[in-house]
Amino acid sequence: MKKKNQSLKQVIYLVVVSGLGILMIYPLLWMVMSSFKESNTIFTTAGQLIPSKFIFDNYVNGWKGFAKVGFDTFFKNSLFISVTATVGTVLSSSLVAYGFARGRFWGRKALLVAMLLSMMLPAQVLMIPQYLWYQKLGWVGTYYPLIAPYFFAIQGFFVYLMMNFIEGIPNELYEAARIDGCSFYGIYARIILPLITPALITGGIFSFIWRWDDFLSALLYVNDSSKYPVSLALKLFSDPGSSSDYGAMFAMATLSILPIMLIFIFLQKYLVEGISTSGLKG
Amino acid sequence: MGNTIAAIRKKLYQDNIAGVVCSLPFIIGFLLFMIVPMLVSLYYSFCDYNILAPPVWVGIKNYVKIFTGDPTFYKTVLVTFYFAFASVPLRLIFALIVALLLVKSTKLTPMYRAVYYLPSIIGGSVAVAILWKRMFATDGVLNNVLGLFGLNRDFSWLGDTRTAIWVLIILAVWQFGSSMLIFLASLKQIPASLYEAADVDGASKWSQFWNITLPLLTPTIFFNLVMQTINGFLAFTQCYIITQGKPMDSTLFYTVYMYQQSFEFYNTGYAAALAWVMLLIIGLITWFLFATKRFWVYDGGL
């Protein structure tokens, strides 16, 4: 009797957890599946998930882009921006994290407070202040606002993540390196960087995803259609008027999240670790 | 000459100086990309300024107008509060329930975890915003599925002032995955011996949850609550793409209104003032949350 009860419990558990899982994933499935449907049947068959015939026309049509610029250009732009900004983030954040964690200097506490403040002060509050400032610097219409700040460790999340790792490295290692004549900088390059590789990867992944998805700064600072990143291009592509080809829109939307999906599938371990160990929102 | 360079070199290699050198990127970045822009905008918030013409000092006129001459301001604050106070608790409750379901590992747990976490990873993208807009369109998925059950299928979810905001709230709640992971990590840190002791004492699972699990999770809940409430107040992309504040400003988020004032109506000075008021509101809420901390957050050891 007790055993029967147990297996009933298991079945209920399975149904609830799987059912909720399907509900969670359904919107995405619908988007991907719709991209393979004939464009004019997407909404007449919206209740049906699997297309009756898989076609690839939407991808061919969508790839042509708009305003004479193809999606290949938009993808190249996004890749360039995301990769450069990510390299900057990882380099600067690890160096600053090392300085914060191992340096003993006057004003260190104040800097830590400043870092926490910068974590609580997200981009949207700074939207207008930064715009006015970048305008003064003559940066509007260029990629500088999308890349340059990230070389200065302005995202506290990454500094915090790497500080946690650096503080976990045993003191003996530092002392041994010291005795061998390694300088403060030498320790960073030869000991810290190799040892915190997992944190560098985790940080790199998060940074890449956030930069890839970033829509607001592209909207504010990029005005030339040949320089659009995918996020902004997709938004304009989906606006009524420029395209009512929903099939092509879904096809490009699917492609736009493909890089992130691949990262998610192959590097999930690092994402989960990053979230769980730092306890921060991703 | 060679001596001074050697002296500088030597200084740079002193430990306390080297620490500062390593921290320099942040010091420069913090000043250049946060403090200076904030100060510039503080100045402009006291000016009549529209980007095209030079700013004219008008004192506190912008601030007076925000509080006395702009009904839309109150409307957007209300909408934003409604959004944050509906979506953040719902999201945390979902995250906690699912985390409790997944804390017992089975073979399928990694797959479930991935499925629940995926929306958080891609939720901020333009692709998902566009998708959401089409799902809740009159001819979208929701109405089609409702139609399968024989229900009314012509309702315009995004066109009705009562439901449009909920489309955005559901989108926010859908992304509960990262909070779920944080809860999972903290749940695994609760020592099993506590539950064993409670079992010996004959406590039910329900009372174990209320007396062990929940109190020990309160620090995690608190941290999530603070971070996500702040983020809830700053949602932009999804609102900007899905509803643009329509219908009748019923979904007009504060940040989107700020954007409109600055980049569509060119009242840049006014928008700068709005940004400062926003900062003040966020500061007040954070302060309020911290003030309530000692009443409900457990901070003792184990």
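Okay, let's start with helix α2 of chain B, residues 15–44. That's 30 residues, and the helix reaches 42 Å from its first C-alpha to its last, close to the 44 Å expected at 1.5 Å a residue. Keep in mind that this is a predicted model. There is a kink in α2(B), though: about 50°, at B:S23, shortly before the proline B:P25.

Now, who does this helix meet across the interface? In total, 65 residues of chain A are in contact with 69 residues of chain B. On the chain A side, the elements giving two or more residues include α1 (2–34), α3 (71–102), α4 (108–120), α5 (123–137) and α13 (246–278). The largest share comes from α13(A), with ten residues. If you sort that side of chain A by type, you get 44 nonpolar residues, 16 polar and five charged.

Back to α2(B), and two of its partners in chain A. As a reminder, two packed helices are described by the angle between their axes and the distance between the axes.

Partner one is α4(A). Its axis and that of α2(B) come within 11 Å and cross at roughly 50°. An angle between 35 and 65 degrees counts as oblique, and α4(A) and α2(B) are therefore oblique to each other. The crossing of α4(A) past α2(B) is left-handed. From α4(A) you have A:L111, A:A114, A:M115 and A:S118, and they touch B:S23, B:F26, B:I27, B:F30 and B:M34 of α2(B). By type, the contact has seven nonpolar residues, two polar and no charged.

Partner two is α5(A). Here the axes are 8 Å apart, and the angle with α2(B) is about 90°. That makes α5(A) and α2(B) roughly perpendicular to each other. On the α5(A) side we see A:L126, A:I128, A:P129, A:Q130, A:L132 and A:W133, and they meet B:F33, B:M34, B:V36, B:P37, B:M38, B:V40, B:S41 and B:Y44 of α2(B). This contact divides into twelve nonpolar residues, two polar and, again, no charged.

One last stop, elsewhere in chain B: the loop between α12 (237–242) and α13 (254–264), where B:P247 sits. Most residues other than glycine have a negative phi, and most peptide bonds are trans. Now look at the bond joining B:K246 and B:P247: it's cis, with omega about -10°. B:D249 is in that loop between α12 and α13 of chain B too, and B:D249 has a positive phi of about 60° although it is not a glycine.

Technical notes
Residues numbered from 1 in each chain as written. Chains lettered and ligands numbered in written order. Predicted model: local features only at pLDDT ≥ 70, side-chain atom pairs only at ≥ 80, totals over all residues. Helix = DSSP H or I, 4+ residues; strand = E, 2+ residues; numbered from the N terminus. Expected span 1.5 Å × (residues − 1). Bend = angle between axes of the 7 residues up to and from the residue. Contact = placed C-beta atoms within 7 Å. Nonpolar A, V, L, I, M, F, W, Y, C, P; charged D, E, K, R; others polar. Axes fitted to C-alpha atoms, helices over the stretch in contact; angles between N-to-C directions. Parallel < 35°, antiparallel > 145°, perpendicular 65-115°, else oblique. Left-handed = near helix turned anticlockwise from the far one by under 90°.
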